[in-house]
Structure formats: structure tokens, C-alpha cells
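Q: Hi! Could you walk me through a few local features of this one?
A: Happy to, here it is.

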Amino acid sequence: MNARHSRRLALALGDPNGIGPEIVLKALAALAPAERERIHVFGPGEVLERTAAACGLETLPGTLRHTEAGTLPAGTWQPGRIDAAAGASAIESATAALQACRARQFDAVIAGPHHETAIARAGIAFSGYPSLVARVCGVPQDEVFLMLVGGGLRIVHATLHESVRTALGRLSPALVQRAVRAGARACAMLGIAQPAIGVFGINPHASEGGLFGPEDADIVAPAVAALQAEGLRVEGPQGADLLLSQRRHDLYVAMLHDQGHIPVKLLAPQAASALSIGADVLLSSVGHGSAMDIAGRGTADPTALLRTIALLSGRAPAVGEAP
């Protein structure tokens, strides 16, 4: 990446029927002109213009750097509606932004909130932005991970949108090691060269010395030992509750979806950033959904998107500061 102050960001609208277009325009309107010039928007221009008019920002679209992507069929834009065309639009806009970033036109990608049902109705295989990043970048899906940033925490997830039974079957020392390495590289991109890393256990109390099962001794402990041998500052497995209460680490690695999502969303409701890490492109989205229930009403809050822009620009609050 370039020096932090000059990072160029590609910003995809997300689901055009959700709050993505609104929070994009509100966030850009809140930025200084010099900051806005570093951001290039990918998405349907008609949606930008009509959303700007609804929000009282009619002049803004004409001043933006914009590439048409994810164009909707005529008459299909309807805020609040879960629609296959809108799901396809979100994927097309994000894909165009990722491809431009891979071509070194930009340094990182920000994607607006998507709606998984709309994408599924479009017949597109998708399990979150990490899966799209993997597909566009041509790497296996189990090499791209989600890292949530918010409330003074950074948490990488070894497994994500899958049943607990499936996740337990997929967890392995190699998968845990890849998650930790991806998190360490992402921290370096964000300015933390040698992060202190705490790894959560799979079972309560990290299995309590085998009392609650052999999974931590068989899976997480060997991974941590191998990473320590590589020179990484990593410790664990320990119970997630214990590690989080101590707050001694720059980065945490969760084994399961809820281990990482609950603390971040508790501490930073509607204000977290969700980074897809591990590929040659860094993508971040917001840590909230497309909020179809309020789409088109002009009440959406751009705070999470502004924090995500700040995070990728190197202006985010340090760990421990208020969200």
C-alpha cells in the first residue's frame, strides 16, 4: 500500500435497494474535498443521483469520481425491496472495484452492505465478502478471512458463516495458522508491525486441560506452537472471555463466528468495520447489514462507513479509544 495519507480507495455501493447508496453519499458529503478526491465510487449512477435527490445532496454526484457498475434493469430500483437484480448489482459493483484494485488503480476496496438473500436469488454462490475476494483474486476460500474492527478490538475469524458442526469439522491446525498469519499481515497494513496476538480456544476455558474435550489440544495448541516457532508474538489457546477481559493484545483470533462478532458488535453497535484479509487485495465493509427496513427513508447513519474510510486511510482511533 501507499503511504497512509495518500491511499486511494475504491468504494462499491453494496445492495442498491438497501442503505448503501445513502450512507455512501452521506459519508462522502462529510469528508473534506481533498479526502473525497481519493475515493472512487463504483455502482449504478442512476441510483446515486436519485438517492442524492432524496437526501438533499443533488450536487454531490456530479463532483464524485465514479465508474458505472452493477447497472439495474429499468424500473427495478426500489429501496427496501429484496431483489435478485439488486443482489447481482452489489456483486458486480464490488467485483469491478476489486478488479481495479488488483490492477493497482487503488490501494484498497470498501464495499457497501450487501443482502445475502438477494444475492442468493440471483443464483450467485456467496458466503460474505471474503468468498468474493477469494474468487476474484483466484485464491482458495479458506485462505481469505474476516477481521472485525471496532470498539477497540481487532478479531479475525477462523470460520465464519456456517453451522457450528460444519465449522468444527473444518477447523485444523493449518486453518488456524492461516488465519493468524492473515491477521498479522493485515495489522502490518494498518500500522502495527509486530502485533501481540491472542488465540481463543474452541471449547469453554480452552477445554480446561482436556476436561471439556480434546479439540484445543489437538487443533489450536499445535497451531500456536508452530506460529511461535515462526517468530510471531502469539499465545493461546485461552478462553475467549479471559483473553478479552485482559485486553493485552493487538489482535484476537476467534474459532467460531459468534466468538468474534458478539464482543465487537456489543462494543461498537452499527460502527464496526469488516475486513476481508488474506488475498492480495484488502477489502473492508461495514459491520452492519443493508437495513432494508429503513432504506429510502433518509435516516441511515454513515458512522460505520466513515470509520471504515478512516481505518483504511490510517486515521482510525487506536485500540482502547471510544468507538
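A: One term before we start: contact here means heavy atoms within 4.5 Å. Also, this is a predicted model.

Q: Good to know. Which residues does G18 touch, leaving out those up to four places away in sequence?
A: G18 touches S290, M292 and A295.

Q: And where does G18 lie?
A: G18 lies in a loop, with β1 (9-12) on one side and α1 (20-30) on the other.

Q: Is G18 buried or exposed?
A: G18 is buried, because its relative accessibility is 8% and the cut-off for buried is under 20%.

Q: What about G18 and A186, how far apart are their C-alpha atoms?
A: They are separated by 29 Å, and G18 and A186 are 168 residues apart along the chain.

Q: Okay, on to helices. At what angle do α1 and α3 pack?
A: The angle is about 70°, and the axes of α1 and α3 (residues 45-55) are 9 Å apart.

Q: So what do we call that, roughly parallel or roughly perpendicular?
A: Roughly perpendicular, because that class takes angles from 65 to 115 degrees.

Q: Which hand does the crossing have, left or right?
A: α1 passes α3 in a right-handed crossing.

Q: Which residues meet there?
A: From α1 there are P21, E22 and L25, and they meet V47, L48, T51, A52 and C55 of α3.

Q: How does the contact of α1 with α3 split by class?
A: It has 6 nonpolar residues, 1 polar and 1 charged.

Q: Nice. Switching to the backbone: which residues does a cis peptide bond join?
A: That bond joins G236 and P237, with omega at about -5°.

Q: Which strand is P237 in?
A: P237 is found in β8, which covers residues 234-238.

Q: I'm also curious about phi. What is the value for E208?
A: Phi of E208 is near 50°, which is positive in a residue other than glycine. E208 lies in the loop between β7 (197-200) and α9 (215-229).

Q: And R247, what is its phi?
A: R247 has a positive phi of about 50°, although R247 is not a glycine. R247 is in the loop that runs between α10 (240-246) and β9 (251-254).

Terms used
Residues numbered from 1 in each chain as written. Predicted model: local features only at pLDDT ≥ 70, side-chain atom pairs only at ≥ 80, totals over all residues. Heavy atoms only, no water. Helix = DSSP H or I, 4+ residues; strand = E, 2+ residues; numbered from the N terminus. Buried < 20%, exposed > 50% of the residue type's maximum accessible area, 1.4 Å probe, protein only. Axes fitted to C-alpha atoms, helices over the stretch in contact; angles between N-to-C directions. Parallel < 35°, antiparallel > 145°, perpendicular 65-115°, else oblique. Left-handed = near helix turned anticlockwise from the far one by under 90°. Nonpolar A, V, L, I, M, F, W, Y, C, P; charged D, E, K, R; others polar.
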